[in-house]
Amino acid sequence: MPSARVLSIATLAAFAALSCGVTSGCDGRKPSEDPAAGKPAAAPSATASAAEGAEGGQRALSPGDDRFAAQIAANLPRVPDPVIQAPENGGAGDELDNDSFRDRAVAFVRRVAAGGDKVTCDLALSSKRPFRAVVMGFREGKQIARGEASDAGLCVALKDAARRAVAAAGGAREALAGARLVVELPDHHESMVESVERPGKGVELVEGLVPVRALDKALLARRIEDGKGYLLRVIDPRHKGVHKYYHAPADRFERELHTIYTASTALTLLKLHAYKPDERLLRLATEAAGFMMGMQSREARDRTAGGFFYAFDLERERPERRLVVGTASKSIFTLLELHGVTKDKRYLESAVLAAEWLISMQRPDGSVRSALIGQEGGAWKVQGKDSTLYTGQVLSALSRTYRATKNKKYLDAAARTADYLLARIAEKGCFLGDDYRKPNPISSSWAVQSLLDFAKAGGDQRVEQTVFRCADDLVKRQWRRPEDAYRYGRWQRSLSSSGSGWLAEVMSEVYHHCRKKGTEGCDRYKDAVVAAIRLLLQYTYGPESSFVVKNPQAAAGGVFWSVRDRYVRTDSVCHAMNAYLNMIGDLGDGPLLTLPERPLAERMALAAEAAGAADAGLPEDEGEEAAAGQSGPKGDDADD
């Protein structure tokens, strides 16, 4: 089992090898899907029983990861075994801090890998616990080598692990040339990756992430540009629709275009256009809207007119017969925004038609039927389970339609759903679940966002008070322990980047409304957004974090789903970008947030004395990933 505090790159590489090819990549077929969610198959545990994978031919890994055992046994005798020499001054007088330790460790491993009879080691570090070293090599996203060794001396452990890594890669002196090195001391909770920007030096890894320990406005501005570039790459050049998934380890998209992700992308492009006017962004948003409206049903006879087909199959060249209220709702958001910018009546007409369909999906008590699913023979089946996500999305869409049209019909319909949602909050509190999920912050944040939209439409102070009360409840649930760079800024039970991005986006909307109303204490929402932004940036592909992807340039700016699942889902990028764009004008030029790292000697001492820590199981709350904030049945995840 992984450490209770370290989910190592060795473990993550095992996950990736099983699911989508860190070691061999994925083929070009359509990804395997959860029977309901439609997302790439989750990787099984590294301790799963051995079996050949259906896609990529990977067998499950033992806890020791013996994929390279045969190569090591065959090639190790011909790998040079250099004599370790101390530096001329013995390392005296040179304090070893976290950064210099990582730099020296990576440099030493690189020198061993280069071959030779002698090698200097200036890592004067002691521990009550023997050092277990793991050295890995990655090239074009594939893990090409792994070596492991243990010794009371750190230099010996690193040398032996490096030699085994060279043997795993073929045994030649140049075997690891051009590869990115990852060096881990799992029992001492230390992990690093070789820097792209500083070759031969080390960059910190925490639970498989390159942590962001210092956030400022300049860094955020750069990530906005990176995110913009990523979104432009997910638009299909022919159809102008947008892919839901980019499988970064294999450098490929799934063979579908999704209406809701097209709507989300177009909305973010409009926000980018407002941030820095660019007619190209406006043109791309209108082209995306053309794809969306082409996916809208106009069939009045079967009462589907106004709904939007969920996805377009690129292989069959036809839409999937599934009309989801979330897809219609998020499409309305974008169409109304585009109408406001262009004054083109087509967008308003399409949004109004969609709002009429949403009303037809309401029940008398204000609850919402989730979807219509096409059956054999042309009939439609109603999917009627209760979803707080859909309830909120429909309430927001109807409220925004009223604000755009001033037609009281839409405000009255919104009021029915608002009353239903308020009654649920009165009964169960602000932390909500539904028929698909246990109580979780994603469902709860949709209640906040939708009631905020309704309050803006109807001016009901009672609703506004509920918005702030439930937003405060979410603020209190945010992880804000500065010593924990892995979780800082995250909400418990929201383990995906999409969930964190959406919560940041909602909190930014609450912050601006709070400021507009002149309410005291608005900075509590701003602080929550800043903390979430820091978290999102360490889930964003950049030069240092792209060692597990095949094409770093194509992945750049993509916000990957989770530590284990390194694919990019488009809404993760859109939500993050919306939060960035909502907040950047309210941020100062100085440091926004700093998370200092614990001193090296202190970390090593604590790790060495933590008996049994390496076998304590998964990090706290990792087991909740399936419970909330993740995809539910297909067509019913946080955006679908």
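User: Which residue caps the N-terminal end of helix 3?

Analyst: In this predicted model, helix 3 covers residues 98-113. A side-chain oxygen lies 3.3 Å from the backbone nitrogen of Asp 99. The residue that supplies this oxygen, and caps the N-terminal end of helix 3, is Asp 97.

User: What distance separates the end C-alpha atoms of helix 3, and what span should its 16 residues have?

Analyst: At 1.5 Å a residue, the 16 residues should span 22 Å. The end C-alpha atoms agree with that value, as their distance is 23 Å.

User: Why is helix 15 largely enclosed by the rest of the structure?

Analyst: Helix 15 has 15 residues and reaches 21 Å from its first C-alpha to its last. Its buried residues include Tyr 525, Val 529 and Leu 536. They pack against several elements, including helix 5 (217-233), helix 14 (497-517) and strand 18 (591-594). Helix 15 is largely enclosed because the number of its residues that are buried is twelve of the 15.

User: Which residues is Leu 398 in contact with, leaving aside its neighbours within four places in sequence?

Analyst: Leu 398 is one of the residues with the most contacts inside the largest nonpolar core. Leaving aside neighbours within four places in sequence, its contacts are Ala 355, Leu 358, Ile 359, Gln 362, Tyr 410, Ala 413 and Ala 414.

User: What percentage of the 640 residues count as buried?

Analyst: The protein chain has 18 helices and 18 strands. It exposes about 24400 Å², of which carbon and sulfur atoms supply 49%. Of its 640 residues, the share that counts as buried is 61%.

User: What is the average pLDDT of the protein chain, and where does pLDDT stay under 50 with 50 contacts beyond four places in sequence?

Analyst: In the protein chain 83% of the residues score at least 70, and the average pLDDT is 87. Over residues 1-6 the pLDDT is below 50. The stretch with pLDDT under 50 and 50 contacts beyond four places in sequence is residues 41-63.

Notes:
Residues numbered from 1 in each chain as written. Predicted model: local features only at pLDDT ≥ 70, side-chain atom pairs only at ≥ 80, totals over all residues. Heavy atoms only, no water. Core = buried A, V, L, I, M, F, W, Y, C linked by side-chain atoms within 4.5 Å. Buried < 20%, exposed > 50% of the residue type's maximum accessible area, 1.4 Å probe, protein only. Contact = heavy atoms within 4.5 Å. Helix = DSSP H or I, 4+ residues; strand = E, 2+ residues; numbered from the N terminus. Areas by Shrake-Rupley, 256 points an atom, 1.4 Å probe, with all protein chains shown as cover. pLDDT = per-residue confidence, 0-100. Expected span 1.5 Å × (residues − 1). Polar contact = N/O pair within 3.5 Å; in protein donor to acceptor, adjacent residues only side chain to side chain.
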